[in-house]
Amino acid sequence: ANQFGMKEALTQLGIKEINEGTSTGLQNFSSGTTLESYSPVDGQLIAKVTTSTAADYDKVMEAATAAFKTFRTMPAPQRGEIVRQFGEKLREKKEALGKLVSYEMGKSLQEGYGEVQEMIDICDFAVGLSRQLHGLTMHSERPQHRMYEQYHSLGVVGIISAFNFPVAVWAWNTALAWICGDVCVWKPSEKTPLCGIACQNIIAEVIKENNLPEGISCLINGDYKVGEMMTADKRIPLISATGSTRMGKIVAQTVAGRLGKSLLELGGNNAIIVTPDADIKMTVIGAVFGAVGTAGQRCTSTRRLIIHESIFDKVRDAIVAAYQQLKIGNPLDENNHVGPLIDKDAVAMYSKALEDVVAQGGKILVEGGVLAGEGYESGCYVQPAIAEADNTFKIVQHETFAPVLYLLKYTGSVEDALDIQNGVAQGLSSAIMTNNLREAEHFLSVAGSDCGIANVNIGTSGAEIGGAFGGEKETGGGRESGSDAWKVYMRRQTNTINYGSSLPLAQGIKFDL
Ligand code: NAD
């Protein structure tokens, strides 16, 4: 991978052969075992990261708790200035960080840069928001009383993230949490720990340059056991967890057990409905990018195409033909469309899904398979596959986190298509391809898609930071990023002030002494 300037990128990001995985912006303390990060691109060891023990974690939590006490008193627009500077550093490091994302995670270089761009965008958004953390003023029912609400900083925010968006998810959370006056402790995925180290190195520069309390950004590393230290910790009022529904159910129960708040961003099972009024060319682009982009490892990846029977053959043939054009290979080489899966476990899951769909009655339309030979030495490259299936198949009801697309047929109206679309446990992203206004509006109505994201004439994959991002049902119900998602990072307080000289009670209750 050196031909793509990876060595220089790692140097620029401060990645060493062995990196301390527990840090508070200024200090490193890490005494746990070592985690090795191998690239799915070429199977090479990139670098090592030491994991966090319970004692290391406690040091980080002490620093974070202390930092919160001063950071919360800094005026929000000044915190915005810190986030602005962070955004500037990201602009400087965009190329290096984008390359590392691509090399450690395996997504295409363009998508790696795109992820860093998302970080920059959320910083810009947060800077403006730092002057708009406003509550409402209400009319009091009592004379000479004033009532209003305000938002205060919440405390330490614990962030647990997934491998597939190894840097952007952290920034979605931190940029908002910081302007809200919170401090953050982050446990990145054990599959992409170097992305975590690189991000922490970047924010550490900002912390030093501004003499900020160390501990506004803390990093811990390791597997789920390190994550559990945070979910069980009463000192953390909010856990923001991104990952599988399986993980989310465990995290939600642990955090609820101590009555903490959790923000859950879990799995999807996203569908595009293709009606007889669809633009086929747009459908093919949206569906193919949605299904094979990031090698099908996006939470918003297109898993199911629900196609009307009258155009089924035409859409199927166009998509099957498009799959023949796909170039699979090194994601740092911009000529390739599809990179590797994250690791061999993911490859095994992909192969099992293809076996299952056939065993459950599906018909393979584009053959899958694990690629071998020159350029595929890591063993993580697979052929994107398509199967004709039925929504009731067990495998279709689950999120297959790989490039396997299921084609489903519907007869009748858009209501019938929606029954299929909504007939899964997950509720993240959804789309309809149609030029028919009635169908589009029905899809968006209360009787339409039950997902957190519903698009018309756009695929399911990808989102802009300006909107609130998240999904319903087993996707976990959380909302991050734009709109009013910032409110979850703050605590709301209702204040009533009596500026009169008597003490009338609410609801007209009389209490005379
Ligand atoms: P994963 O659930 O295996 O791991 C995610 C993170 O949770 C990791 O950091 C892991 O160490 C941690 N973790 C696992 N069990 C834990 C526990 N019991 N307590 C505390 N922490 C625990 O997920 P993954 O394979 O890294 O990512 C893929 C999944 O993430 C997919 O299901 C995908 O749809 C989902 N995802 C969702 C979104 C979203 O915004 N909705 C975004 C990205 C990924």
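Helices (H or I, at least four residues) and strands (E, at least two) are DSSP runs, and I number them from the N terminus. Residues are numbered from 1 along each chain as its sequence is written. I'm working on a predicted model, where local features need pLDDT of at least 70 and side-chain atom pairs count only at pLDDT 80 or more, while totals for chains, interfaces and linings use all residues.

I looked up Asn457 and found it in the loop between β18 (453-456) and β19 (468-469). Its phi is near 55 degrees, a positive value in a residue other than glycine. For burial I count other C-beta atoms, placed from the backbone, within 10 Å of the residue's own: 20 or more is buried, 12 or fewer is exposed, and in between is partly exposed. Asn457 has 15 such neighbours, so I put it down as partly exposed.

Thr294 also has a positive phi without being glycine, near 50 degrees. I found Thr294 in the loop between α9 (280-292) and β12 (302-308). Thr294 counts as buried because it has 28 C-beta neighbours inside 10 Å.

**Entry: the record**

I checked UniProt next; its positions are given in the numbering used here, feature names are shortened, and annotations may be inferred rather than shown by experiment. The unreviewed entry has "domain: Aldehyde dehydrogenase" over residues 32-494. In the model, that span is 39% helix and 20% strand, and its end C-alpha atoms lie 44 Å apart.

The unreviewed entry also lists Glu265 under "active site". I located Glu265 in strand β10 (residues 261-265). Glu265 is buried, because 30 other C-beta atoms lie within 10 Å.

**Entry: around the ligand**

Which residues come nearest to the ligand? I get Ala162, Gly227, Gly243, Glu265 and Cys299, out of 29 residues around it. Near here means that a residue's C-beta atom, placed from the backbone, lies within 6 Å of the molecule.

I sorted the shell by class: 12 nonpolar, 11 polar and 6 charged. Nonpolar covers Ala, Val, Leu, Ile, Met, Phe, Trp, Tyr, Cys and Pro; charged covers Asp, Glu, Lys and Arg; the others, Gly among them, are polar. Helices α7 (224-231) and α8 (245-257) each supply at least two shell residues. The largest share, 4 residues, comes from α7.

**Entry: a helix pair**

I compared α3 (residues 76-105) with α4 (residues 109-129): their axes come within 8 Å and cross at roughly 175 degrees. Axes are lines fitted to C-alpha atoms, for helices over the stretch in contact, and angles run from 0 to 180 degrees between N-to-C directions. That crossing makes α3 roughly antiparallel to α4; the label needs an angle over 145 degrees. Their contact has 13 nonpolar, 5 polar and 6 charged residues.

I traced an open sheet of 3 strands in the order β1-β3-β2, with mixed pairing. Two strands pair if DSSP finds at least two bridges between them. β1 (18-20) and β2 are at the edges with a single partner strand each, so one side of each has no neighbour in the sheet. Neighbouring strands of this sheet are turned by 30 degrees against each other on average, direction ignored.

β2 (residues 34-38) pairs with β3 (residues 45-50) in the antiparallel sense over 5 bridges. I picked out Ser37, whose bridge partner in β3 is Ala47. β2 and β3 form a hairpin with 6 residues between them, and Gly43 in the turn has a positive phi of about 75 degrees.

Definitions and conventions
Angles under 35 degrees count as roughly parallel, over 145 as roughly antiparallel, 65 to 115 as roughly perpendicular and the rest as oblique.
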